[in-house]
Amino acid sequence: MMSAVSVALATTWLLGLLMLPLLGSLLRSGVPGVREWLAADVALMVAIPMLLLRDRIPDFLSIVIANLLIALAGVTLYAGFARFLHRPARWPLLLTCVVMTAPALVYWRYVADSIPMRVVVSTGFTATVCAAVAVTVARYQGSRRARYLHAATVGVAVIFAACQVARGIYFITLDRVANALTFDTTVNVVLLCVGAAIMPVMLMCGMMMVHDALLSDARDAVNRDFLTGALSREGFASAARSLWEEADRTRSPLACLIVDLDHFKSINDTFGHTGGDKVLCEFVGLMRSTIRAGDALGRIGGEEFAILMPGIALDHAQSLAERLRTAAAQHAVVTNNGTCNYSLSGGLASRLPGETLDQLTMRADRALYQAKVSGRNTLCVDTPQSPS
């Protein structure tokens, strides 16, 4: 091996060694893809010493097996990104691609010995893996993911793929049998260093996305009600502030609906707390199917929920609230202790000029009280009054 190659490979091996405890620490998170990334790192660390022992161990090990392990590490790296993004890894196809590189490596070593052609095979394979990672990450990023991390991963993968293609093109122009000068040129050293960074950098990108996913899950746990999945009081307040600021900026209307399940204590007494919990969960599902995508739904009390609806006129908000009330009255929840029929009372208010969020919710709550004293299973709208 030439000095430039040896230094690059040794650096990659050391970086891979540093990645092992980091990836190992993430295994407990249960995030899909981490196990595959760890396996890819291990495969690469086994392959690199075999490459460095060229001329000291049989060529079949240092060339064919070592390059097959690198190819296996590449497809396992891709499988990690696919699993992280909840896509199928398609292992039969990936392993078939790895096995198909073996005849090319054997031919360009034992039939027509050519280092340049072996480099073309390996760089072409690596470029394909990098391109596949870029396409998968670009297509399947989740809505809750940090887009800048996905964009950075896609950009890095594309750059790596381009550099591998460039290195393959450089080597394909060389003579069939390479010598020391082949590896000592500035172009090859630069491209070789970039190639050596592929696995460590892509693994780092993966770990950063895992870190972002864990932070997102932690924020979601704080902002979501653990039982129903609706926003918690804190999460609803945060969403309300954002919607309020947007309404201020666009001078658009904003409506608040507060609903309360009627006689919920009786539901718990009759069907048990487990049955009551099921009613709450199914009711939240019913609300989500009724309200609009941009509306904020929060659980602000035991059986009390608030819905903040941006950009909607009062009459349209009232129609939506009536649809929800009617749907709830017709909704039967099957519990372990029988079928539960329930109803709701609701209070609706539309934001007035100069009004604060507290004032709006107070008027909606006042309308809810009127609905309860009016016999329940009804909706009341607060009469607009300019704030003093």
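Angles under 35 degrees count as roughly parallel, those over 145 as roughly antiparallel, those from 65 to 115 as roughly perpendicular, and the rest as oblique; axes are lines fitted to C-alpha atoms, for helices over the stretch in contact, with angles running from 0 to 180 degrees between N-to-C directions. The structure is a predicted model, in which local features need pLDDT of at least 70 and side-chain atom pairs count only at pLDDT 80 or more, whereas totals for chains, interfaces and linings use all residues. Residues are numbered from 1 along each chain as its sequence is written, and side-chain values use heavy atoms, with hydrogens and water left out. Helices (H or I, at least four residues) and strands (E, at least two) are DSSP runs numbered from the N terminus.

The axes of helix 3 and helix 9 come within 11 Å and cross at roughly 15 degrees, and the two helices are therefore roughly parallel to each other. Their crossing is left-handed, a term used if the near helix is turned anticlockwise from the far one by less than a right angle, the clockwise case being right-handed. The contact (heavy atoms within 4.5 Å) is made by A73, G74, L77, F81 and F84 of helix 3 and by M199, M202, L203, G206, M209, V210 and A213 of helix 9. These residues divide into 10 nonpolar, 2 polar and no charged, where Ala, Val, Leu, Ile, Met, Phe, Trp, Tyr, Cys and Pro count as nonpolar, Asp, Glu, Lys and Arg as charged, and the others, Gly among them, as polar.

Helix 9 (residues 198–223) also packs with helix 6 (residues 147–172), at an angle of about 170 degrees and with the axes 10 Å apart, which means that helix 6 is roughly antiparallel to helix 9. This crossing is left-handed. Helix 6 contributes L149, H150, T153, V156, A157, F160 and Q164 to the contact, and helix 9 contributes I198, V201, M202, C205, M208, M209 and D212; by class, there are 10 nonpolar, 3 polar and 1 charged residues.

Leaving aside neighbours within four places in sequence, L77 is in contact with W37, A40, M199, M202 and L203.

Accessibility was assigned with a 1.4 Å probe on protein chains only, buried being under 20% relative accessible area, exposed over 50%, and partly exposed in between. D59, in helix 3, is buried, with a relative accessible area of 15%, and, beyond neighbours within four places in sequence, D59 is in contact with R54, V64, R109 and Y110. D55, in the loop between helix 2 and helix 3, is exposed at 62% and has a positive phi near 75 degrees. R251, in the loop between helix 10 (233–250) and strand 1 (254–261), likewise has a positive phi, of about 55 degrees, although not a glycine, and is exposed at 79%. Most residues other than glycine have a negative phi.
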